[in-house]
Amino acid sequence: MRQNGQAPETISNIARYFNQASSSAQQETLGLVVVEILRAGHTLSRKAICSKLLRRLELAATPEEESHLQDLIAMLFRCEE
């Protein structure tokens, strides 16, 4: 059954991804990415989150920011069952 136009598996996968974010900086970045996606009127999905994180990685100004974003992207792919 779909909820708000999204399959329950998608919602569950995204929830697991957020639960893996251990630091407040990771949670803040994920929150900002989700708000950006939703405000643009796009469907929230792992693909959308990954795209936004990759774009932020391309624009990263410091090695620390790059590392932070790479960690989040890695979490996204570890989240698979």
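A nonpolar core is a set of buried Ala, Val, Leu, Ile, Met, Phe, Trp, Tyr and Cys residues joined through side-chain atoms within 4.5 Å. The legends below refer to a predicted model.

**View 1. Overall fold of the predicted model.** The protein contains four helices and zero strands. Read from the N terminus, its elements follow the order α-α-α-α. Of its 81 residues, 31% count as buried. Among contacts between residues at least 6 apart in sequence, 53% join residues at least 24 apart.

**View 2. The largest nonpolar core, with 18 residues.** Tyr17, Leu30, Ile37, Leu44, Ile49, Leu53 and Leu72 are the members that touch the most other members. At least two residues of this core come from each of helix H1 (8-20), helix H2 (24-39), helix H3 (46-58) and helix H4 (63-78). H4 gives the most, with five residues.

**View 3. The buried face of helix H4.** H4 is 16 residues long and spans 22 Å from its first C-alpha to its last, close to the 22 Å expected at 1.5 Å a residue. Its buried residues are Leu69, Leu72, Ile73, Met75 and Leu76. Viewed down the axis of H4, these buried residues lie within an arc of 155°, so they line one face of the helix.

**View 4. The other side of helix H4.** Pro63, Glu64 and Arg78 are exposed here. Each of these residues therefore has over 50% relative accessible area.

Definitions and conventions
Residues numbered from 1 in each chain as written. Predicted model: local features only at pLDDT ≥ 70, side-chain atom pairs only at ≥ 80, totals over all residues. Heavy atoms only, no water. Buried < 20%, exposed > 50% of the residue type's maximum accessible area, 1.4 Å probe, protein only. Contact = heavy atoms within 4.5 Å. Expected span 1.5 Å × (residues − 1). Arc of directions from axis to C-beta.
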